[in-house]
Amino acid sequence: MRFTFYGHATFSIEVSGKTFLFDPFFTGNPLIKNIEIDKIKADYIFITHGHGDHTGDVVALAKSTGAVCVAPAEIAGWLSKNGVEKVHGLNHGGPVSFDFGKVRAVNAIHSSSFYDGTYAGNPVGYVFTTSGGNFYIAGDTALTMDMQLIPLWAKLDFSVMPIGGNYTMDVADAIHAADFVKCPTVVGVHYNTWPPIAIDTEKATAAFKASGKKLLLPAPGTTIEL
Ligand code: NI
Ligand code: MN
């Protein structure tokens, strides 16, 4: 699997011949400048919740990539209203089958509305099971006991978790979350974008290491193999 980071909580994952783009936020993202967003490819775009730092460029990217947008039902409706044609709405519950495997929307402890206050449903994370590997995208969330359910559904190869604190889990809670989901490999996101979520990345990496886990922090614009 290949993971490409675009800064903040925007990234893509290539697995089983498909490219998934998550929470596209390029315009106004201070961590990724000088990127030609019309060159970004995606077969699917997944949205975790309605906040602007997760949906800012979704309509534009849905149109430029032709991807299927997968999102909580209320966001799916908003996308359709905004002219996005290929939309799959879902909610917390049983897994949904796609041509690459299965996706389950899971609980995220956060809030979810659009920049203009429009209700955007409940925020979610996603658990993916595919022939090329399994992974958990936490979305914006606090640490929650519900993460302990995830090993019932998937033996994970890696997780993507927010680590910046203030709006989400911090590093210490992400380490607990890694224990809850029974997977030691975590890609950290949602940090160092703005002062409230600034962290010491060396300390973060060391804290994961001290607990027998691995925190990966690819630089914006780079790709890693997982
Ligand atoms: Ni948020
Ligand atoms: Mn956010």
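A residue counts as buried when its relative accessible area is under 20%. Keep that cut-off in mind as you move through this predicted model.

**Stop one: the manganese ion.** Select ligand 2, the manganese ion, and show what surrounds it: Asp-53 (OD), His-54 (NE2), Asp-140 (OD) and His-190 (NE2) coordinate the ion at 2.1 to 2.2 Å. Along the chain, these donors follow the spacing D-H-x85-D-x49-H. Now colour by accessibility. Asp-53 has 15% relative accessibility, so it counts as buried, and His-54, at 0%, is buried too.

**Stop two: the bridge.** Click on Asp-140, which bridges the manganese ion (ligand 2) and the nickel ion (ligand 1); the two ions lie 3.0 Å apart.

**Stop three: the nickel ion.** Centre on ligand 1. Here the protein donors are His-49 (NE2), His-51 (ND1), His-110 (NE2) and Asp-140 (OD), 2.2 to 2.4 Å from the nickel ion. Try the angle tool: the four donor atoms subtend 87 to 179°, and the arrangement is therefore irregular. In sequence, the spacing reads H-x1-H-x58-H-x29-D. His-51, in the loop between strand E4 (44-46) and helix H1 (52-55), and His-110, in the loop between strand E8 (101-107) and strand E9 (124-130), link distant parts of the chain, 59 residues apart. His-51 is buried at 18%, whereas His-110, at 25%, counts as partly exposed.

**Last stop: Thr-10.** Thr-10 is buried, with 0% relative accessibility. A polar atom of the Thr-10 side chain lies 2.7 Å from the backbone oxygen of Asp-23. Show its contacts as well: among the residues Thr-10 touches are Phe-5, Leu-21, Phe-22 and Pro-24.

Definitions and conventions: Residues numbered from 1 in each chain as written. Chains lettered and ligands numbered in written order. Predicted model: local features only at pLDDT ≥ 70, side-chain atom pairs only at ≥ 80, totals over all residues. Heavy atoms only, no water. Donors = N, O, S within 2.8 Å, 3.2 Å for Na, K, Ca; no water. Buried < 20%, exposed > 50% of the residue type's maximum accessible area, 1.4 Å probe, protein only. Polar contact = N/O pair within 3.5 Å; in protein donor to acceptor, adjacent residues only side chain to side chain. Contact = heavy atoms within 4.5 Å. Tetrahedral: all angles 85-135°; square planar, octahedral: opposite > 155°, others 65-115°. Helix = DSSP H or I, 4+ residues; strand = E, 2+ residues; numbered from the N terminus. Lists of a residue's contacts leave out its neighbours within four places in sequence.
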